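Me: Hi! I'm new to this one, could you walk me through it?
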Amino acid sequence: MRIDILTKEYPPTVYGGAGVHVTELVKALRAHEGLDVRVQAFGPPRDESGTTGFPELTELAGANAALRTMGVDLCLAEAAAGTALVHSHTWYANFAGHVASLLHGVPHVISAHSLEPLRPWKAEQLGGGYRVSSWIERSAYEGAAAIIAVSDGMRRDVLAAYPSVDPDTVRVVHNGVDTAQWRRAEDPAVLARHGIDPDARRIVFVGRITRQKGLPYLLRAAHRLEPGVQLVLAAGAPDTPQIKAEVEGLLAELTAVREGVVWIPDMLPRHEVAALLSGATAFVCPSIYEPLGIVNLEAMACETAVVATATGGIPEVVVDGRTGWLVPIEQVHDGTGTPVDPDRFVADLAAALNNAVSDPARAAAYGAAGRRRAVDHFSWASIGERTLQVYEDVLARH
């Protein structure tokens, strides 16, 4: 049976959780005998068997990013001829999946990693293209044979954002983590290269500079951290010049009054991220929108306690008082995720971080428990099995 995975991100071009998900899911599915899994991806040609890359169309060079995306999507849809089922990831590939389904008469399965109505700040990036991306996503979701939500929280969001979607078609299959690759692996050379003191208590943030990751709230909370605590920010790939300038301004304010702030503006390779996490007192995830949060699983797999916002699918990963600390948040119901009381959220975030660093032995125990939870509940083999079951159920109905 042939299955086509349609995606914007795929190695060597992976910059977010959706790309990690697709990469690991494809490995898990290809382990099944009799399953022909092909990947149709954005970007340059790939050497990997069964995987094809499609660059942007030169005819659309200079066009709005949403239109350039649609051009690639049409190529992906054509390449899916002969498949039994298409499975798309994020709005970037949802248009390809929807068109392929109509064109070839095959079912379309969507993995819901995020939702355009809950990311209105993307209008800063796309302008009118945000209305196009929103239309693409709505059309694809309403026409899909099945939607795989990466958490129970995401399932609720899908049904709230698109009430015409049949609830029976929305299934939950959590994201996962490769605990063989993500594990405690201290590397003093990596810490030295980035100017990190290996003996100091350390809080680490890893993520893109985007509204949903909540970095500005963390930078405000950091003013209240106990003295002597290092804050390591592996934060790159800003969405817009505006969010980049905001973060740089907040960093300047923080470093003017506090030592031990390390900003790494590059997107680091996995082994360097693991080295930053390994031995850290805590990992912090101040997101205001997070369907699940693979970064939290990666930190847990490296035996690092997690301080994270109690939003989206995060509470399904981080167990408060056992693998970390959940920071309460009341959010405005306008799709932005903005805290109703930003000052309260910043204060609660700072309090949780200080709680974590106040007792490194307890944080280490939470980290060990997090590793066990990642291994026991979030393996890619089981996620591949559950995803394959969705395919089989869809094809049985088709």
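Reply: Happy to! A nonpolar core is a set of buried Ala, Val, Leu, Ile, Met, Phe, Trp, Tyr and Cys residues joined through side-chain atoms within 4.5 Å, where buried means under 20% relative accessible area with a 1.4 Å probe, protein chains only. This is a predicted model, where local features need pLDDT of at least 70, side-chain atom pairs count only at pLDDT 80 or more, and totals for chains, interfaces and linings use all residues. Residues are numbered from 1 along each chain as its sequence is written, and side-chain values use heavy atoms, without hydrogens and water.

Me: Which residues have the most contacts inside the largest nonpolar core?
Reply: Tyr141, Ile147 and Leu276 do, in a core of 52 residues. Another core, of 38 residues, lies apart from it, and Leu219 and Val327 are among its members.

Me: New topic: in what order do the strands of the open sheet come?
Reply: The order is E3-E2-E1-E4-E5-E6-E7, seven strands with parallel pairing. Strands here are DSSP runs of E, at least two residues, and helices are runs of H or I, at least four, numbered from the N terminus; two strands pair if DSSP finds at least two bridges between them.

Me: And which strands stand at the edges?
Reply: E3 (51-54) and E7 (170-172), each with a single partner strand, so one side of each has no neighbour in the sheet.

Me: What about helix H11, why is it largely enclosed?
Reply: Eight of the eight residues of H11 (294-301) are buried, so the rest of the structure largely encloses this helix. Just after H11, Glu303 takes a positive phi of about 65°.

Notes. Buried < 20%, exposed > 50% of the residue type's maximum accessible area, 1.4 Å probe, protein only.
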